[in-house]
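Please look through the structure shown below with its ligand in place.

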Amino acid sequence: MTEKNKKTVLITGANKGIGFETAKQLGAMGFEVFLTARNKGNGETAVMKLKRKGMDCKFIQMDVTEISTIRIAYEVLSKSIEHLDVLINNAGIMPTSSGLLDTTPAVMHNIINTNTLGPLFTAQTFLPLMKKGGRIINVSSSLGKISGHASDYASAYSISKTALNAVTLKLSAALKDKGIVVNSVCPGWVRTDMGGKNAERPVEKGAETIVWLAAEAPLEITGKFIRDMKEIDF
Ligand SMILES: NC(=O)c1ccc[n+]([C@@H]2O[C@H](COP(=O)([O-])OP(=O)(O)OC[C@H]3O[C@@H](n4cnc5c(N)ncnc54)[C@H](OP(=O)(O)O)[C@@H]3O)[C@@H](O)[C@H]2O)c1
């Protein structure tokens, strides 16, 4: 079991990219970190890297599109901790971009299941471990902004992140009485497998606001869309 005062965090999609960097930064701050993703080999390699730096972390295999694996991960987690302080819904996909009219039903279902419903079902499943002061962070994108966007670029992805922001707003309202805060984050355009080599931000910067929301942001902030530690319009 976790030391009594140690903060705990579960991060989805944490075997690489922004999720892994977030795990690294929170691990360095003394959090007990649970990294999750589909690929177990990559997950165990990621955990090994953090353990070598003296961090307290574990990998739990979980596919956010498969409710049975989310439930198994919850069972595993509830055997090793008494409470979860922070849930970071970071796992996401951005399939090769095509215009909305060429997006197949299979692609659309997969992207909504991963980027929108995955975070919702993960939050619902892990909530019994969360208490007053808990924090849920949904990693969204400015492509999901509904204001000021009239382009057909990455439309399926954009729709999934707009809907994720709606999940943030509704979950925030649903959890207000429990004192659990829920926010969306835009990490910016970040150099990862998803963002590509030409992206403007290093991964450290991409994780910065997520880490701030997980560890330091005032608990009055809920139901907001945050970029660079400041509120932006949905
Ligand atoms: N990079 C950017 O420029 C950028 C910009 C705005 C927003 N974002 C958002 O930031 C988040 C992280 O992106 P990233 O750039 O770090 O992407 P990435 O490098 O491609 O990493 C994605 C992570 O998600 C996991 N994942 C994918 N599908 C999953 C599923 N069904 N279940 C569980 N895990 C799954 C992957 O591991 P497995 O394949 O092993 O499962 C991997 O760990 C995403 O939500 C993305 O939309 C990124």
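Helix α1 (residues 17–28) contributes three residues to the shell around the ligand, the most of any element; helices here are DSSP runs of H or I with at least four residues, strands are runs of E with at least two, and both are numbered from the N terminus. The model is a predicted one, in which local features need pLDDT of at least 70 and side-chain atom pairs count only at pLDDT 80 or more, while totals for chains, interfaces and linings use all residues. Residues are numbered from 1 along each chain as its sequence is written.

The shell holds 30 residues, and the closest to the ligand are G13, G17, N39, G92 and G195; a residue counts as near a molecule or strand if its C-beta atom, placed from the backbone, lies within 6 Å of it. By type, the shell residues divide into 12 nonpolar, 14 polar and four charged, where Ala, Val, Leu, Ile, Met, Phe, Trp, Tyr, Cys and Pro count as nonpolar, Asp, Glu, Lys and Arg as charged, and the others, Gly among them, as polar.

Turning to the chain as a whole, the protein has six helices and eight strands, and reading along the sequence gives the pattern β-α-β-α-β-α-β-α-β-α-β-α-β-β. The radius of gyration of the protein chain is 17 Å, close to the 17 Å that the globule rule gives for 234 residues, so the chain is as compact as a globular protein of that length; the radius is taken over C-alpha atoms, and the rule is 2.2 Å times the number of residues to the power 0.38. Along its principal axes, the C-alpha trace spans about 50 × 40 × 35 Å. Of the contacts between residues at least 6 apart in sequence, 68% join residues at least 24 apart, a contact being a pair whose C-beta atoms, placed from the backbone, lie within 7 Å.

Buried residues make up 44% of the 234 residues; a residue is buried if 20 or more other C-beta atoms lie within 10 Å of its own, exposed if 12 or fewer, and partly exposed in between, with C-beta atoms placed from the backbone. In soluble globular proteins, nonpolar side chains tend to be buried together. Here the largest nonpolar core has 53 residues, and those with the most contacts inside it are V9 and L35; such a core is a set of buried Ala, Val, Leu, Ile, Met, Phe, Trp, Tyr and Cys residues joined through C-beta atoms within 7 Å. Helix α6 (residues 203–215) supplies the largest share of this core, six residues. Leaving out residues up to four places away in sequence, L35 touches I11, A14, N15, A23, G43, A46, V47, C57 and F59. A second, separate core has five residues, including I111, A154, A156 and Y157.

T168 counts as buried because it has 27 C-beta neighbours inside 10 Å, and, leaving aside residues up to four places away in sequence, T168 touches N138, V182, N183, S184 and G223.

Back in helix α1, where E21 lies, this residue is buried because 24 other C-beta atoms lie within 10 Å. Beyond its neighbours within four places in sequence, E21 is in contact with V203, E204, G206 and A207, and E21 and V211, 190 residues apart in sequence, are 9.5 Å apart in space, C-alpha to C-alpha.

In the loop between β7 and β8 (230–232) sits D228, whose phi is near 50 degrees, a positive value in a residue other than glycine. M229 is in the loop between β7 and β8 too, and has a positive phi of about 65 degrees although it is not a glycine.

Terms used: Contact = placed C-beta atoms within 7 Å.
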